[in-house]
Amino acid sequence: MTTVSNPPLTYSLTELMAVTAAREIRDNEVVFAGTGLPMLGAMLAQHTHAPNCLIIFEAGAIGSRMNHLPMSVGDPRTVRGAAMAAGLAEVFTYMLQAGKVDVGFISGAQIDRYGNINSTSVGDYHHPQVRFPGSGGSCDIACLAHRTVIIAQHEKRRLPEKIDYITSPGWLTGGNSRQEAGLIRGGPSVVVTTKGVLRFRPTSHEAYLNSYHPGLSAGAVGEDTGFALDTSDAFETPVPTAEELHILRNVVDPERVFLK
Amino acid sequence: MASKLIGLADAARLVPDGATLSLGGFTAQRHPMAFVYELIRQRRRDLYLFGHSPGGDWDILLGAGCVKRVELAYEADEAFGTIGPRWRRAVQGGQVEWEDYSNFGMVTRFQAGAMGLPFLPTRTMFGSDVMAKAALTAEQRAADPRTSPQKLAVIESPFQPGEKLILLPAIHTEFCVLHVQKATENGLTRVEGQTFADNIQALCAETVIVTAEEIVPEDELRREPERNFLPPFAVKHVVHVPLGHTLTRSTNIMITIRAS
């Protein structure tokens, strides 16, 4: 492994988020990844601590080797050198619904305290102020993966008291509500934001601040959140290692497609 | 063997105003763009589109005023454009009737249609507003018999008391248009690289039109039948359109730009 001696480390927010998200993936896991930072995180994990993680993309790639960062889940780069080039029906039906996906990796426009995600529209659903692309595979990943890792922009209006539309169900209204709604597994395990890391309490399934990014404070992150966020256990987010940054910049995204 | 070859303009003329139509490809990949441009050139109106994750193909049809109603999961070019701008404007301006499903939901609906079943059960969408809310009103549904009278239905498994499943209605379209790498004059079809859900969409359409990068002798495709995608009887018309996917992407099609 290449070592880089560059203390003190400097890194961008996107790099910190990609590294923090990548660390959520364990070796040998089956990962179902969405477009953007989820892709960066999954590829970084594969090139660092989780070389045997198997990456699936909803457009049909199974076991992507990721020598070049794909620009989207349908990019032909997801297929080059992959174990299989299947289709949407195969990965959704036989992989995701059948329970073979350990971790789903998604992002969204609005997120609430239970990790429910809106990527459909803002305002009245029938007459929206702002329309987004819609679910894509996000709802399916949130419903059917064994756990989900979520990437989000941390602003008050993006983490509101109530989201306008539940595109991808998280813990719904907390407690057992997810199970009662008919979902047989899964639920969000972590939300990596631009300001910190949120996790969920075991029984209530309510989000709490697990860590705040360097340069911020727990209180400040709490104030930038639209719902009451318990910040009492928060610590500073661990910074990327020199090796992670080196791989991220030189192997994962040398062309700076997503890295800023 | 009878040739199914026709010209692009003639092929597009087969699709009347108000037709139900699905197009091959996924977000920014391998859409039958030349066919789409021809529909716009011919000023087609009131199209009723079904898709999982369309991109620039639908977006430009929406912008050109060709579309009345859509059923979909996602409309964007992914990393190239995180929202279809004309899709956004059409929804926000009340210029299109739409219904939201998830990607797996739409693929399941195409599968039901292709299998000759009225519906298929799934475990996805529970707890979400994709399940709870319908964009199309009962009146809008009743006004067009091609729209399912209900968005979905929830049942209890007859074999497992207490286990809930969502039934999603089958899709049958009048037309499906695909852009593929290779086809024979009589409609034997090969797709290279990612297949998305193209074959499933084709098998639930009354009339399948294939635009092909290359028209090849049948013996060539019969040498490796395991790589073929649709049998000749499933394809009604074949159109020779090199670079018919431009400007979306496709496996094994190179665009060479020469300075003149």
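## Burial and overall form of chain A

In this predicted model, buried residues make up 63% of the 260 residues of chain A. The C-alpha atoms of chain A fill a box of roughly 45 × 45 × 35 Å along the principal axes, and the radius of gyration of chain A is 18 Å, which agrees with the value near 18 Å that a compact globule of 260 residues would have.

The secondary structure of chain A comes to seven helices and 14 strands. Among the contacts in chain A with a separation of 6 or more, 67% are between residues 24 or more positions apart.

In soluble globular proteins, nonpolar side chains tend to be buried together. Here the largest nonpolar core has 129 residues, and those with the most contacts inside it are A:Leu40, B:Leu47, B:Leu61, B:Val70 and B:Trp87. Helix H2 of chain A, which spans residues 37-47, gives the most to this core, with seven residues. A second, separate core has 15 residues, including B:Val180, B:Ala183, B:Ala205 and B:Val238.

The surroundings of B:Trp87 draw on both chains: not counting residues up to four places away in sequence, B:Trp87 touches A:Arg131, A:Phe132 and A:Pro133 from chain A, and from chain B it touches B:Asp59, B:Leu62, B:Val70, B:Leu72, B:Glu75, B:Val96 and B:Trp98.

## Helix H3 of chain B

Helix H3 of chain B, covering residues 56-63, is mostly covered, with six of its eight residues buried. The buried residues are B:Gly56, B:Asp57, B:Trp58, B:Asp59, B:Leu61 and B:Leu62; of these, B:Leu61 is also listed among the residues with the most contacts inside the largest nonpolar core, while B:Asp59 and B:Leu62 are touched by B:Trp87.

What covers the buried residues of this helix includes, from chain B, strand S1 (20-23), helix H2 (33-41), strand S2 (47-50), strand S3 (67-72) and helix H4 (85-92). Just after helix H3 of chain B, B:Gly65 takes a positive phi of about 75°.

## A buried arginine without a salt bridge

A:Arg178 lies in helix H5 of chain A, residues 177-180. A:Arg178 is buried yet has no salt bridge, and the nearest side chain of opposite charge, that of A:Asp112, is 10 Å away. A polar atom of the A:Arg178 side chain does, however, lie 2.8 Å from the backbone oxygen of A:Ala142.

Leaving aside neighbours within four places in sequence, the contacts of A:Arg178 are with A:Ala142, A:Cys143, A:Pro169, A:Gly170, A:Trp171, A:Leu172, A:Leu183, A:Arg185, A:Gly186 and A:Gly187. One of these residues, A:Arg185, is also in contact with A:Ala98, a residue in the loop between helix H3 (88-97) and strand S5 (103-107) of chain A. A:Ala98 counts as partly exposed, at 42% relative accessibility.

## Salt bridges within chain A

Side chains of opposite charge can pair when their charged atoms come close. The structure holds 32 salt bridges over all chains, and one of them joins the side chains of A:Arg147 and A:Glu29 at 2.8 Å, N to O. Because A:Arg147 lies in strand S10 (residues 147-152) of chain A and A:Glu29 in the loop between helix H1 (13-22) and strand S1 (30-33), the pair ties together parts that are 118 residues apart in sequence. A:Arg147 counts as buried at 13% relative accessibility, and A:Glu29 is buried with a relative accessible area of 9%.

The side chains of A:Asp233 and A:Arg201 also meet in a salt bridge, at 3.1 Å, N to O. A:Asp233 lies in the loop between helix H6 (218-223) and strand S14 (235-236) of chain A, and A:Arg201 in the loop between strand S12 (196-200) and strand S13 (207-212), so this pair ties together parts that are 32 residues apart in sequence. A:Asp233 counts as partly exposed at 42% relative accessibility, and A:Arg201 counts as partly exposed at 24%.

## A salt-bridge network in chain B

In chain B, a network of salt bridges links B:Lys182, B:Arg190, B:Glu192, B:Glu224 and B:Arg227. B:Arg227 lies in the loop between helix H9 (218-222) and strand S11 (237-240) of chain B, and B:Glu192 in the loop between strand S9 (189-190) and helix H8 (198-203), so the pair ties together parts that are 35 residues apart in sequence. B:Arg227 is partly exposed, with a relative accessible area of 36%, whereas B:Glu192 is buried, with a relative accessible area of 9%.

Conventions:
Residues are numbered from 1 along each chain as its sequence is written. Chains are lettered from A and ligands numbered from 1 in the order in which they are written. This is a predicted model: local features need pLDDT of at least 70, side-chain atom pairs count only at pLDDT 80 or more; totals for chains, interfaces and linings use all residues. Side-chain values use heavy atoms; hydrogens and water are left out. Buried means under 20% relative accessible area, exposed over 50%, partly exposed in between (1.4 Å probe, protein chains only). Helices (H or I, at least four residues) and strands (E, at least two) are DSSP runs, numbered from the N terminus. Contact means heavy atoms within 4.5 Å. Lys and Arg count as positive and Asp and Glu as negative; His and the chain ends are not counted. A salt bridge is a side-chain nitrogen of Lys or Arg within 4 Å of a carboxyl oxygen of Asp or Glu. A polar contact is a pair of N or O atoms within 3.5 Å; within protein, one must be able to donate a hydrogen and the other to accept it, and residues adjacent in sequence count only if both atoms are side-chain atoms. A nonpolar core is a set of buried Ala, Val, Leu, Ile, Met, Phe, Trp, Tyr and Cys residues joined through side-chain atoms within 4.5 Å. The radius of gyration is taken over C-alpha atoms; the globule rule is 2.2 Å times the number of residues to the power 0.38.
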